[in-house]
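Me: I have a model open and want to walk through it with you. Can we take it piece by piece?

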There are 2 protein chains.
Amino acid sequence: VRPADVIRTKRDGGELAPEAIREFVLGHARGEIPDYQASAFLMAVFLRGMSRAETVALTRAMTESGRRADLSSVPGVKVDKHSTGGVGDKVSIPLAPLVAACGVPVPMISGRALGHTGGTLDKLDSIPGLRTHLSLEEYVETVRRVGLCLVGPTDDLAPADRRLYALRDVTATVESIPLIASSILSKKAASGIDALVLDVKTGSGSFLRDLERCRELARTLVEVASGLGLRAVAVLSDMDQPLGRAVGNAVEVEESIACLRAEGPPDLEALVVELGAEMLVLGGVAKNPEGARSRIREAIRRREGLAKFRAVLEAQGGDSGVVDDPGRLPKAQRSTPFPSPGEGFVAGIDGAEIGLAAMSLGAGRARAEDRIDPAAGLLVHAKLGDRVRRGEPLVTFRHASSTPLDEARERVARAYRFASEPPGRRALVLERIVA
Amino acid sequence: VRPADVIRTKRDGGELAPEAIREFVLGHARGEIPDYQASAFLMAVFLRGMSRAETVALTRAMTESGRRADLSSVPGVKVDKHSTGGVGDKVSIPLAPLVAACGVPVPMISGRALGHTGGTLDKLDSIPGLRTHLSLEEYVETVRRVGLCLVGPTDDLAPADRRLYALRDVTATVESIPLIASSILSKKAASGIDALVLDVKTGSGSFLRDLERCRELARTLVEVASGLGLRAVAVLSDMDQPLGRAVGNAVEVEESIACLRAEGPPDLEALVVELGAEMLVLGGVAKNPEGARSRIREAIRRREGLAKFRAVLEAQGGDSGVVDDPGRLPKAQRSTPFPSPGEGFVAGIDGAEIGLAAMSLGAGRARAEDRIDPAAGLLVHAKLGDRVRRGEPLVTFRHASSTPLDEARERVARAYRFASEPPGRRALVLERIVA
């Protein structure tokens, strides 16, 4: 099959044979098919979509483009969690040690911040000395020895995804459900896990705001994962305000440690319990969701995750002293409160605006090549339903003395909406989707 | 405007500002915007379309990417003719000298063969010594001195089109009306002409088979030309069988010379009269279509085009002796008749199959880099409505002794459809479209 014919078939809305997709993706990964044909293909996929069978074939080909981790030396069902990204979403950091402490191996591979959403990998990188870039062998060894790891994708995992993702970023083909699903799942399938919990964020702070599109993404992820032989559960969770109070990198690690000490914000803890329970059931150490939730709650209360967290930091060269003394994390030069311009009950917080405010302080990146200030970020004082008086601090900015605050101030002011009545409560987990 | 934003807007079906299109096209032509962004843009245009204003802006930017010929030193209204391509379509070769002989300057810029359709430039290249690749200065000088020229596009005319066209060919984005229209018209606008007759072919031998799509292309061409300040008329003409009898290169030049001698096939002469009349009216040397047709018919009868044809061949270094002795053109080693496998009235001739049969003999090219055999081709003996007995020759192949004939035989056998009754007559010119 010639590359132009593959593009033409998709352009005309036809369904591609798995073999045609495989040849195209592997040809591109090997550099035989040029980027200009790949980007025309990506745009055709963006506008015409893909069937489940095509998405499975695409994901499988991307997985095959690199090496595959062999975790068979690690006993137990290996379970990872992936989030589609949100503002203040530090769930992975407390979740992985807690689930590992309950006996389920967690080989957790995370990504970087882009746009208004943060990235677990950037947050972890604020821990002094921590190596998040391991070889495939070190990755397997860490999971075997510690029962978890907290890393970025190794270079040899699904290299086709790296090439395609870089193209998508510059050709306006990012927000396509089959392309998002194949990018996420190709790395997961190559990482050697057995099962996966998918946290699909919906609402103003998420990547896809529309609920129906989130549902379709969750369904696609679960079905394609199943087509690849992974057991998977997806949860649609609310991202209509930042999760917890900290938004940034070091500040989110600090909040994660608080969560492991049973001193975290309630919404963060509640989501850790929900996702952790799914992982315990998939991992076979809990019989039912109720039992799994009790077990995770107990692990939090007893601070069982702290030892695991210390162990993984030490295994990856990080300063485990941060667990007992978060003051060892990078500290911003300045702390500037932002007084509320309005008053009443907080009726809405645009998560994307909060994320972009933190980005403007140096906590995130607008382009992949931007550098991050690990100490920068903000703390959210007023959350949905809180009553606020004019002039009370809505958030506190953490920033370098030289950082201009104008954009952050504008965005936070724009993010908050006040009302004279408290808003209705919204559930944290909206839906649960299984294959 | 960032390139990815231009792509995103078109991807989402939005209308682009002329300035955004201009920056994108010129950025790509200068090599600042990479091919992978251009091809994603082309696919988005292919699937989302373009408004007239966008197509005008696209065409204008492509024109601006290079030099512009200044024909103001040539008195009169300069008129060119462009055909969307067909099988046996040699119209340009007799038409240009005839119209020039009637006093209208014809700066004719032609293209090459691709797929089943032939290219005037390849046909002209079969004339010994003829230079069809002139500099912009030689082009202007030839039109000034002779009143016409028969050339290919110079390198400095609309270079953006050359880059985009090469990309379209390998990214399945060729058959898009705004992209076709901008490619044709950018070169025409840069060539310094005042008016243009567009021959949009429809039917089995054409580039776009569907009548409604042809109509849309014709309308787009006329309206965009008008938006660029060119006067334009489009004619939808029948290409449901090869035009004339010769299909190839030297064989088509020979038939063109016969037409200039008033000895050409009737359908070819009829189309030359129709298109020539449009050009005379646009060129201001005839008051109305009836007068214009009479003038062209008279020019054919009096063989007025012969002297002009000799003059242009001499001006461009070609052997003008071919006009009186077509035996000086390249001659195929073999002439092999193909006996009819069926009998009855010829009810259908698939033009594309005939074109591909000629291509398989060496008369055309499947890929842009293929070489052409100028002597190869075929002669069509049985045209629509002719009565044929089994075993009588349908066509005669002209070919090198080493050329295998299997594909040509198969294609010709597949092209012909017979019926017991003669088919209804079909008009040669189906519609006429003005801005």
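Me: In what sense do strand β8 and β10 of chain A pair, and over how many bridges?
Reply: Bear in mind that this is a predicted model. Strand β8 (residues 344-349) of chain A pairs with β10(A) in the antiparallel sense, over two bridges.

Me: Which residue is the bridge partner of Gly344(A) in β10(A)?
Reply: Val388(A) is the partner.

Me: What is the strand order in that sheet?
Reply: The order is β10-β8-β12 in chain A. Three strands form an open sheet, with antiparallel pairing.

Me: And which strands stand at the edges?
Reply: β10 (387-388) and β12 (416-419) of chain A do. Each has a single partner strand, so one side of each lacks a neighbour in the sheet.

Me: Switching to chain B. Are the faces of strand β2 covered or open?
Reply: Both faces of β2 (residues 106-109) of chain B are covered. Val106(B) and Met108(B) are buried on one side. Pro107(B) and Ile109(B) are buried on the other.

Me: How does β2(B) pair with strand β3 of chain B?
Reply: In the parallel sense, over four bridges. β3 of chain B covers residues 148-151. Within β3(B), Leu150(B) is the bridge partner of Met108(B).

Me: Now a lysine. Where is Lys123(B), and is Lys123(B) buried or exposed?
Reply: Lys123(B) is in helix α6 (residues 120-124) of chain B. Its relative accessibility is 1%, so Lys123(B) counts as buried; the cut-off for buried is under 20%.

Me: What does Lys123(B) touch?
Reply: Leaving out residues up to four places away in sequence, Lys123(B) touches Asp89(B), Lys90(B), Ile93(B), Gly118(B), Gly248(B), Asn249(B), Glu252(B) and Val253(B).

Me: Aromatics next. How many aromatic pairs are there over all chains?
Reply: Six. One of the aromatic pairs is Phe338(B) with Phe397(B). Their ring centres are 6.0 Å apart and the planes are at 45°, so this pair is tilted.

Me: Which strands hold Phe338(B) and Phe397(B)?
Reply: Phe338(B) lies in β7 (residues 334-339) of chain B and Phe397(B) in β11 (residues 393-399) of chain B. The pair therefore ties together parts that are 59 residues apart in sequence. Both Phe338(B) and Phe397(B) are buried.

Me: What about Tyr416(B) and Phe418(B): why is that pair stacked?
Reply: Because the planes are at 20°, with the ring centres 6.1 Å apart; planes under 30 degrees apart count as stacked. Tyr416(B) counts as buried because its relative accessibility is 7%. Phe418(B), at 22%, counts as partly exposed.

Me: On to the two copies. What rotation superposes chain B on chain A?
Reply: A rotation of 179°, with 0.0 Å of shift along the axis and an RMSD of 0.0 Å. The copies are thus related as by a two-fold rotation axis. In chain B, the C-alpha nearest the axis belongs to Tyr36(B), 2.0 Å from it.

Me: What area is buried between the chains?
Reply: About 1,800 Å², with carbon and sulfur atoms giving 69%. In chain B, Arg11(B), Tyr36(B) and Leu47(B) lose the most area to chain A. Together they give 33% of what that side buries.

Me: How many salt bridges cross that interface?
Reply: The rule finds two. Arg11(A) forms a salt bridge with Glu175(B), with the closest N and O atoms 3.1 Å apart.

Definitions and conventions. Residues numbered from 1 in each chain as written. Chains lettered and ligands numbered in written order. Predicted model: local features only at pLDDT ≥ 70, side-chain atom pairs only at ≥ 80, totals over all residues. Heavy atoms only, no water. Buried < 20%, exposed > 50% of the residue type's maximum accessible area, 1.4 Å probe, protein only. Pairing = 2+ DSSP bridges. Contact = heavy atoms within 4.5 Å. Phe/Tyr/Trp six-rings, centres within 6.5 Å; stacked < 30°, edge-to-face > 60°. Least-squares fit on C-alpha atoms with pLDDT ≥ 70 in both. Buried area = accessible area lost by both parts, 1.4 Å probe. Salt bridge = Lys/Arg side-chain N within 4 Å of Asp/Glu carboxyl O.
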